[in-house]
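Me: I am new to this structure. Please take me through it in short questions and answers.

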Amino acid sequence: MIQETTMAALQTQRGEAWLAKADVRPTRQRVALAAMLVGDGQDRHVTAESLFASVCASSEKVSLATVYNTLRTFCDAGLMQEVTVDGTRSYFDTNMKEHPHFYWENSGELTDAPAEALQIVGLPDAPEGTEIASVDVVIRLRKT
């Protein structure tokens with residue numbers, strides 16, 4: 001029991017530190033969600049619905065609307081990035097390095113793809129008065 005309490009405290013500390021580095025106000029709900037996202041030191045790809053399910057399985061009380069709003073706050077603060085797989089499904093990624101993704105069509109899972117294997121040799125010129133902010137690469141996979 002003591003080890004579980006210590007682990008929970010460590011996850012909360014990591015979540016609070018993650019919020020602090022972007023000057024995000026650490027409300028109870030934000031700290032709880034941050035601890036779930038980065039508390040173990042691993043990067044995550046989540047949907048709002050999958051994060052909400054994790055919250056429901058814990059003792060924390062957070063609405064789905066709060067999860068959506070909090071994920072948007074984390075993205076706006078530069079803590080996460082949104083990866084849109086199709087027009088109806090968004091994933092939120094805690095890995096802020098530029099990297100491609102694999103989208104597993106059979107399971108609906110999004111994972112990091114090896115960045116060193118990707119080569120983009122050219123991009124079209126951006127229209128006048130704009131600049132390319134980023135390039136998202138999602139490689140769709142299907143089991144055969």
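Reply: Contact means heavy atoms within 4.5 Å. This is a predicted model, in which local features need pLDDT of at least 70 and side-chain atom pairs count only at pLDDT 80 or more, while totals for chains, interfaces and linings use all residues. Residues are numbered from 1 along each chain as its sequence is written, and side-chain values use heavy atoms, leaving out hydrogens and water.

Me: Where does Thr94 lie?
Reply: Helices (H or I, at least four residues) and strands (E, at least two) are DSSP runs, numbered from the N terminus. By that numbering, Thr94 sits in the loop between strand 3 and strand 4.

Me: Is Thr94 buried or exposed?
Reply: Buried means under 20% relative accessible area, exposed means over 50%, and partly exposed is in between (1.4 Å probe, protein chains only). Thr94 has a relative accessible area of 7%, so Thr94 is buried.

Me: Which residues does Thr94 touch, leaving aside its neighbours within four places in sequence?
Reply: Its partners include Trp18, Leu37 and Val38. Also in contact with Thr94 are Gln42, Asp43, Arg44, Leu79 and Met80.

Me: Asn95 is in the loop between strand 3 (89–93) and strand 4 (101–104). Which side chain does a polar contact of 3.3 Å join to that of Asn95?
Reply: Asn95 is buried, because its relative accessible area is 12%. Leaving out residues up to four places away in sequence, Asn95 touches Asp43, Gln81 and Asp112. A polar atom of its side chain also lies 3.0 Å from the backbone nitrogen of Lys97. The 3.3 Å polar contact joins Asn95 to the side chain of Asp112.

Me: How many aromatic pairs does a search of the whole structure find?
Reply: Rings of Phe, Tyr and Trp (its six-membered ring) pair if their centres lie within 6.5 Å; planes under 30 degrees apart count as stacked, over 60 as edge-to-face and the rest as tilted. The search finds 3.

Me: What is the angle between the planes of Trp18 and Phe74?
Reply: Trp18 is in helix 1 (residues 2–20) and Phe74 in helix 4 (residues 64–76), 56 residues apart. Both Trp18 and Phe74 are buried. Their pair is edge-to-face, with 5.0 Å centre to centre and planes at 80°.

Me: In what order do the 3 strands of the open sheet stand?
Reply: Two strands pair if DSSP finds at least two bridges between them. Strand 1 and strand 2 (81–86) each have a single partner strand, so they stand at the edges. The pairing is antiparallel, and the order is 1-3-2.

Me: How many salt bridges does the structure hold?
Reply: Side chains of opposite charge can pair when their charged atoms come close. A salt bridge is a side-chain nitrogen of Lys or Arg within 4 Å of a carboxyl oxygen of Asp or Glu. The structure holds 5.

Me: What is the distance between the closest N and O atoms of Arg28 and Glu60?
Reply: Arg28 is in helix 2, and Glu60 is in the loop between helix 3 and helix 4, 32 residues apart. Arg28 is partly exposed, at 47% relative accessibility. Glu60 is also partly exposed, at 22%. The closest N and O atoms of this salt bridge are 2.2 Å apart.

How values were computed. A polar contact is a pair of N or O atoms within 3.5 Å; within protein, one must be able to donate a hydrogen and the other to accept it, and residues adjacent in sequence count only if both atoms are side-chain atoms.
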